[in-house]
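Student: I have a new model open on my screen and I'd like to learn how to read it. Could you walk me through it?

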Amino acid sequence: MVLDNHSNPCDFVLYGTGGDLARRKLLPSLYQLEKANLLHKETRIVGAARQEMTDEEYVQMAEENIRKFNSDAICEDTLKRLLTRLDYIKIDFKQMDDYKALKPYAESKRTMVCYFATPPSIFGDICNGMHHAGVIDPSLRVVLEKPIGHDLESSKVINDQVAEYFNEDQIYRIDHYLGKETVLNLIALRFANSIFTNNWDHNCIDHVQISVAESVGIEGRWGYFDEAGQMRDMVQNHLLQILTLIAMEPPATLEASSIRNEKVKVLKALRPINSTNVEENTVRGQYVNGFINGKEVPGYLEEPDANTVSQTETFVALKVEIDNWRWAGVPFYLRTGKRLPSKVSEVVIYFKKQPHNLFKDSFPSLPPNKLTIRLQPDEGVEVTVMNKLPGLTGSKGMDLQKTKLNLSFSETFKDERIADAYEKLILDVMLGNQTLFVHRDEVEQAWTWVDGIMDAWRASNEPPAPYQAGTWGPVASIALLAKEGRAWYEGRVTKK
Ligand SMILES: NC(=O)C1=CN([C@@H]2O[C@H](COP(=O)(O)OP(=O)(O)OC[C@H]3O[C@@H](n4cnc5c(N)ncnc54)[C@H](OP(=O)(O)O)[C@@H]3O)[C@@H](O)[C@H]2O)C=CC1
Ligand SMILES: O=C1O[C@H](COP(=O)(O)O)[C@@H](O)[C@H](O)[C@H]1O
């Protein structure tokens, strides 16, 4: 069955089609949308890059990457259908006259969707080029990749350049974590379950931990990463977005503006971290050589293209406070890093301890309930609860055991494929649904907060603490919680 109505016919212009993101994620996602019959039959996909290439050569390049980066078996019919939609146009994004290649698409009746899979520093050039070619109209949508800029000032410059030609309702700022099923599920979990909705504040929650760990290193992106660092690459966007979904007030509706308004209020309530408190609330690290899954890996400064003096952080741990009524006194601990033992992203909500322990004979210290949301991999939700150990004897017949209520997505939703985040987000752009995209206010508020930390780090002149690849980061990150009588949950070690 072909569900033509699921998206409008569009010309999906993929700027930077030869880049890492386009090859690894975007082209394979378009293939999955085709497979699910979610692309309109008239939709075209137009790769744009500065290399001379024929349509046929482009189709070949796209096919190779779709085969390479799809983990499931390729459906040849689907692939053939998708490849017939592809065109290639040569544009050097800095050459204004090159953009006239877009004219035939602008003259079609299809909606033009322009995905900027390029460094943000050239977003402005692309907008100028499209204007120069006269292809901009109010129906055109632009998709901007993160991070937008490297601080508040530069992000304002980029946002202004784009705003010169496009209204906010034409601009789709991607944070691909918002397209992940499990991140979206945070909204369902919180607001569709009274057991959580009614216990989601400082009265019931002791603290929150958000960990986004990666076992990969820099993967050939040293030049980009060394300019960015883990704070700009991951915290400014992905981790703060997760935090806002956990901390926001209930939105009035699921409309984009309702959710975005609530998220921005959380960002505004983040307690500033600056030179006065940076030392007690932040830890940054840089990996040295070590072992991942038993295989020796180089340190950050030994990666290809690296220099030997960089002080860029590859690990960040933070204690974050939200100064509002709901979260007063509830710390949110964030950690993220490259070359940690495995790829695993989790949110763990620690509830408060029972005020009185009825079971102290068998359990002198009752552990608190814990809600673990496994964002990836092995997606699922888990609640630790205390249970009576079955048996006739034991301390007053009441021996307890910590047990888990475990919902595994792969077991519960056996027939459902978990879509890649980019599939969901590309489809939403085609549908004109902005709910899962980031508003300019959010980006700028996040930068305001992050800039405070980056400035304080710069002023302190302290180098990042070394940590061995394959460990959970510098020792200081353990101390960040230990000094408050808490500990990081034990991160799962997966095969990735
Ligand atoms: N890769 C990833 O996993 C992720 C990337 N992103 C973001 O996506 C964007 C793209 O990243 P990524 O794909 O990794 O970067 P790459 O450097 O791999 O790709 C960027 C592409 O832009 C092209 N480009 C740059 N300047 C010009 C120009 N003047 N004219 C024509 N083409 C040009 C490059 O072409 P050429 O090859 O000719 O230089 C290249 O194909 C960035 O904003 C990044 O932050 C976000 C999340 C994840
Ligand atoms: O945006 C980015 O995200 C990836 C991690 O994304 P995931 O979906 O694989 O968890 C990260 O590796 C990259 O450095 C960063 O730019």
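**Reading the model, feature by feature**

Tutor: Happy to. The C-alpha centres of domain 1 and domain 2 lie 36 Å apart. Keep in mind throughout that this is a predicted model.

Student: Which residues belong to domain 1 and domain 2?

Tutor: The domain assignment puts residues 4-145 in domain 1. Domain 2 is written as several segments, 178-247 + 273-415 + 463-482.

Student: Which residues of H2 are buried, and which are exposed?

Tutor: For burial, count the other C-beta atoms within 10 Å: 20 or more is buried, 12 or fewer is exposed. In H2 the buried ones are Tyr 58, Met 61, Ala 62, Asn 65 and Ile 66. Seen down the helix axis, these buried residues fall within an arc of 130 degrees, so they line one face of H2. On the other side, Glu 56, Glu 57, Glu 64, Arg 67 and Lys 68 are exposed.

Student: What do the buried residues of H10 pack against?

Tutor: Helix H9 (222-247) and helix H14 (440-460). You can look at this from the H9 side too: Leu 240 lies in helix H9 and touches Val 235, Leu 267 and Ala 446, leaving out residues up to four places away in sequence. Leu 267 is one of the buried residues of H10.

Student: Why does Leu 240 count as buried?

Tutor: Because 28 other C-beta atoms lie within 10 Å of its own.

Student: What about a residue in a strand? Which residues does Val 320 touch?

Tutor: Val 320 sits in strand S11 (residues 315-320). Setting aside residues up to four places away in sequence, Val 320 touches Leu 243, Leu 270, Pro 331, Phe 332 and Leu 334. With 23 other C-beta atoms within 10 Å, Val 320 is buried. For a distance check, Val 320 and Lys 414 are 94 residues apart in sequence and 37 Å apart in space, C-alpha to C-alpha.

Student: Now the backbone. Where are the cis peptide bonds you'd point out?

Tutor: Look at omega. One joins Lys 146 and Pro 147, with omega about -10 degrees, and Pro 147 is in the loop between strand S5 (141-144) and helix H6 (152-163). Another runs from Gln 376 to Pro 377, with omega near -15 degrees. Pro 377 is in the loop between strands S14 (370-376) and S15 (380-388).

Student: And phi? Is Asn 293 buried or partly exposed?

Tutor: With phi, look out for positive values in residues other than glycine. Asn 293 has one, about 50 degrees, in the loop between strands S9 (290-292) and S10 (295-297). It has 13 C-beta neighbours inside 10 Å, so Asn 293 counts as partly exposed. Arg 339 has a positive phi as well, near 55 degrees, and is found in the loop between strands S12 (332-337) and S13 (344-351). Arg 339 is buried, with 31 other C-beta atoms within 10 Å.

Student: Last one: how many residues surround ligand 1?

Tutor: To read a shell, list the neighbours, then sort them. Here there are 18, the closest being Gly 16, Gly 19, Asp 20, Leu 21 and Phe 93. They divide into eight nonpolar, four polar and six charged. Helix H1 (residues 20-35) gives the largest share, three residues.

Conventions
Residues are numbered from 1 along each chain as its sequence is written. Chains are lettered from A and ligands numbered from 1 in the order in which they are written. This is a predicted model: local features need pLDDT of at least 70, side-chain atom pairs count only at pLDDT 80 or more; totals for chains, interfaces and linings use all residues. Helices (H or I, at least four residues) and strands (E, at least two) are DSSP runs, numbered from the N terminus. Two residues are in contact if their C-beta atoms, placed from the backbone, lie within 7 Å. Domain bounds come from an automatic or database domain assignment. A residue is near a molecule or strand if its C-beta atom, placed from the backbone, lies within 6 Å of it. Ala, Val, Leu, Ile, Met, Phe, Trp, Tyr, Cys and Pro count as nonpolar, Asp, Glu, Lys and Arg as charged, and the others, Gly among them, as polar. The arc is that of the directions from the helix axis to the C-beta atoms.
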